[in-house]
Amino acid sequence: MKNLTILGATGTIGVNTLDVVARHPDKFRVVALTGQSQLERLARQCHRFRPKYAVVMTPDKAQALQAMLTGLDTRVMAGIEALEYVAALDEVDSVMAAIVGAAGLRPAMAAARAGKRVLLANKETLVMAGRFFMDAVRQHAATLLPIDSEHNAVFQALPNGYSGDPDSHGVRRVLLTASGGPFRARAIETLRDVTPEEAVAHPNWVMGRKISVDSATMMNKGLEVIEAHWLFDAHPRQIEVVIHPQSIIHSMVEYRDGSVLAQLSNPDMRTPIAHALAYPERVEAGVGWLDLAKIGTLTFESPDYARFPCLRLAYQALAAGDAAPAILNAANEEAVAAFLGHRLPYPGIAATLEAVLDRLSGHAATSLEDLMAADAAARRQARAWIAALQPA
Ligand code: NDP
Ligand code: MG
């Protein structure tokens, strides 16, 4: 029996995780669930899974949630320290880190420092603080299992016991696949008219709003390049992005002898979630079997940086190192929020990132505090830059 904390239980990944958990009551027990704004959903999850702890972010939300949990023994807590607490509980084996954005960093770090099996969906943790997070994983003998479908695929295609250092394992390159999102074939000059509704309508995946916009701009793939760098100890030139619109191959590893190993499945996050939950076992995930004859054709193309400038900026930030990836990530969160709030046109997302990276280059990153400061500075710059675009 594995005891679980699910950080971000009310989100897309959280809901999919609970779907897999519900199929295996003999294997997984939920100890803690967390959410932020969707209290009714969190309350329903508590009634169904009866966790010992439920965490929200503010005392008033905690009070409101408590009122919905009559008859349960669930202890309701509030705030970031409470997230860190449930991520590090002695009785917990595995922590699903599925909060979106920079807010997910501290609890993911707490889980690593407590030596847990960390099922990492929150890619922002590695983008912001890859070095510190990977150090914590090693120092505290935590186990890191990637949930992001591409990295989960790479993990599955790497040799058993892969310990970093691709060259010594005969690995030549990691090939990250990308769907290309909803605007892969749209005329570039019409991208300025893109609405939030169009951007969040992903052709293959159902995801939270922020990551859906990131998929449209391919910032998501840029963040994943940085994520792959830290997870697999791969040099940026060993990480290649391939557009594969059908989202059937979730990523590949190319070996020195010319072999390429790929992981395939229907595009459903329950596959990587089930893989990581049960690892090294394999369990039923509720996902339909892959019907290759029905799919018929798998196609591939190279990404066009003119269409997807965010991808180029991510490679640049990774090469610049230090706080640049954290700055990129923070500016992107602000820009995406502004775009979703109709305060920034779609091409303004990449323009914001470029402007903020330009202004804040050379920010130090010798501690986690430095990175948090860079994150805050990038948010201020991004907001000011976006505000200056508004008609007076
Ligand atoms: P969602 O937006 O659907 O869910 C986010 C979760 O985090 C919700 O439970 C939300 O609570 C909670 N949350 C949001 N903001 C805060 C905050 N400031 N403090 C505490 N909790 C907060 O996102 P997804 O599930 O789509 O994605 C989660 C993470 O997984 C992201 O980092 C994403 O990049 C990554 N990921 C997602 C994939 C997907 O297919 N969805 C694929 C690969 C990676 P509430 O909803 O109650 O407000
Ligand atoms: Mg992904």
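**View 1. Polar contacts between ligand 1 and the protein backbone.** A backbone N or O atom of Gln-36 lies 2.9 Å from an oxygen atom of ligand 1, a polar contact in the sense of a pair of N or O atoms within 3.5 Å. Polar backbone atoms of two further residues also face oxygen atoms of the ligand, that of Ile-13 at 2.9 Å and that of Gly-11 at 3.1 Å. Taken alone, ligand 1 exposes 890 Å², of which the protein buries 89%, with areas from the Shrake-Rupley method and a 1.4 Å probe. This is a predicted model, in which local features need pLDDT of at least 70, side-chain atom pairs count only at pLDDT 80 or more, and totals for chains, interfaces and linings use all residues. Residues are numbered from 1 along each chain as its sequence is written, and ligands are numbered from 1 in the order in which they are written.

**View 2. The shell of residues around ligand 1.** Of the 24 residues around ligand 1, Thr-10, Gln-36, Ser-37, Gln-38 and Glu-124 come nearest, a residue being near if one of its heavy atoms lies within 4 Å. Domain 1 (2–146) and domain 2 (154–267 + 288–295) both give residues to this shell, so the ligand lies between them.

**View 3. The magnesium site.** The magnesium ion (ligand 2) is coordinated at 2.1 Å by Asp-148 (OD), Glu-150 (OE) and Glu-224 (OE), where donors are N, O and S atoms within 2.8 Å of the metal (3.2 Å for Na, K and Ca). Asp-148 is buried, with a relative accessible area of 8%, and Glu-224 is likewise buried at 1%, buried meaning under 20% relative accessible area with a 1.4 Å probe and protein chains only.

Notes. Heavy atoms only, no water. Polar contact = N/O pair within 3.5 Å; in protein donor to acceptor, adjacent residues only side chain to side chain. Domains from an automatic or database assignment. Buried < 20%, exposed > 50% of the residue type's maximum accessible area, 1.4 Å probe, protein only.
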